[in-house]
Amino acid sequence: MTCTESGKITMMKRWMLFCACAGCFFCALGGCERINDYSVNPNHRLTFSTDTLSFDTIFSTVGSTTKQFMVYNPNEEALRIEMALLANPATSGFRINVDGRKGDMFRDIDIWKHDSLYVSVEVTVDPNGSSQPLVIEDSVLFYVNGIRQSVLLQAYGQDVHLLKGGVTILHDTTLTADMPYLIYDSVKIAEGATVMLEKGVTMYMHSRANLLVEGTLKAIGTQDEPVVIRGDRLDEIKTSVLLPYDRTPGQWDGIRFGASSFDNEFDCVIVRNGVTGLMFQASQPDRVKMRIRHSQITNMSKYLMVAVNCHIEASDSEFSNATDSTLTLVGGKYQFTHCTIASYNILTNRNRVVPCLILSSLWGMGESETPYALRQAYFDNCIVDGGHSADSTRLYAGEIQFYTEDGNEPGNSETFNYRFNSCFVKTARQNSERFVNCLFIKSPSYLKTGTREDEYVFDFRLANESVGIGMADRSVSEQYPVDRYGVDRLSAAGGPSIGAYEYVYQEEKHD
């Protein structure tokens with residue numbers, strides 16, 4: 001290439017660069033001209049994606065999640081928002097961000113024709129000294145061409161007992177239901193201390209929060225005022241459909257009972273939406289570890305309940321929906337009566353490879369594996385069910401699995417002692433004295449099993465004409481005459497039925 005040719009190329013590049021810069025300059029000038037050309041017609045108004053932006057219950061002193069609404073200019077001309085502001089910023093606790101700017105008041109915001117902008121909103125609620133939620137309201141005001149428009153902001157503020165930073169309860173304590181409890185980090189019940197949760201207590205567990213029980217936990221609710229332990233998110237999660245966080249697993253950690261913890265009680269208790277549900281560390285089966293009655297443990301993103309060498313009694317209770325096993329019982333003594341043990345949850349079951357119920361005489365893996373004698377695992381009038389196929393060609397397939405030290409799945413009275421009496425078990429048909437008057441293979445029909453995301457609701461009551469209706473051992477039901485919802489098993493038509501819920505006829509719905 002000659003010097004002349006090289007010079008021509010250099011001049012060409014410079015000319016192209018000059019044209020590009022000049023183009024940007026004149027476009028910018030043109031833009032400045034047009035930005036000043038906005039409508040002054042008072043009939044040209046803004047529109048909004050909502051007229052009321054509502055927050056679910058917000059706990060006092062704890063900030064909300066961020067919500068947004070859109071501001072639209074549907075007109076054929078640009079508009080200038082002369083002012084956008086919060087009506088009562090000093091008292092309401094709301095905060096706004098308009099088109100990327102934080103503050104309480106904004107002036108001269110331009111919005112092109114057929115264009116839009118975001119307004120983000122947060123709120124923090126001051127304590128109000130009341131046990132009941134308090135309505136908090138404010139408005140975002142917009143002034144365009146002398147016309148005022150507004151979007152209402154609304155939240156419910158709830159005072160709470162805030163337990164934060166890791167709390168250890170050293171002495172006997174009663175927690176009353178005057179206000180909910182919001183748990184950050186962890187709460188530990190020390191060995192020798194007993195904590196009583198009275199009827200109506202609600203414990204909201206923040207992300208990764210847990211209860212660590214080295215002493216004793218007694219949660220005694222009623223049918224009308226149960227004790228509830230759940231995640232602290234009260235808003236909705238956007239997936240393929242809108243789902244409340246309250247129905248979404250994995251919101252908090254779980255409840256762990258240490259080796260020194262005994263004589264725990266759950267009566268009319270609901271535990272839901274954690275990573276794990278109840279974990280009972282290796283203990284001594286000669287002393288009662290836990291009694292669970294008329295309760296529901298449900299919707300965990302890992303396992304639902306694991307107990308190692310413990311003594312646990314459960315009746316009239318529902319254990320449902322986990323990605324891992326629903327019940328894993330290793331060694332020890334267990335009695336489950338009129339319980340529904342099921343796993344159908346579409347969100348937690350996508351990757352479930354283990355069965356619903358695992359009975360084992362081994363704990364750990366490899367060289368750390370420890371044998372524990374399964375001295376008793378009795379199930380009377382129970383349902384063991386789930387989405388796995390009850391492979392009728394293999395023993396112990398479907399929703400049960402046995403692990404024994406000597407591979408003795410049929411069991412024995414000393415090291416692997418189990419029995420199912422008048423139960424439905426989702427497995428192959430068994431011809432064994434350990435399965436007495438049991439039903440197999442075909443699952444009961446329930447009112448709702450939440451097998452679609454847009455029907456993310458579960459109701460494990462038996463539907464009309466389901467298997468299991470009237471199939472319970474009446475002599476057992478006489479000792480447990482009232483189901484989880486308080487229905488009398490002994491006077492029910494066609495009863496008593498198996499599972500946690502006595503069958504009640506459902507009126508057919510006609511379109």
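Guide: Let us begin with a charge and a ring: the charged end of K67 sits over the ring of F55, 5.6 Å from its centre. The model is predicted, so local features need pLDDT of at least 70 and side-chain atom pairs 80 or more, while totals for chains, interfaces and linings use all residues. Residues are numbered from 1 along each chain as its sequence is written, and side-chain values use heavy atoms, with hydrogens and water left out.

Visitor: Why is the pair of Y418 and F420 called edge-to-face?

Guide: Rings of Phe, Tyr and Trp (its six-membered ring) pair if their centres lie within 6.5 Å; planes under 30 degrees apart count as stacked, over 60 as edge-to-face and the rest as tilted. The centres of Y418 and F420 are 6.2 Å apart and their planes stand at 65°, so the pair is edge-to-face. Ring pairs also link Y418 and F420 into a cluster whose members include F319 and F440.

Visitor: What is the burial class of Y418 and F420?

Guide: Both Y418 and F420 are buried, a term for under 20% relative accessible area, with exposed over 50% and partly exposed in between (1.4 Å probe, protein chains only). Buried residues make up 50% of the 511 residues in the protein chain.

Conventions
A charge sits over a ring if NZ of Lys or CZ of Arg is within 6 Å of the ring centre and within 35 degrees of the ring normal.
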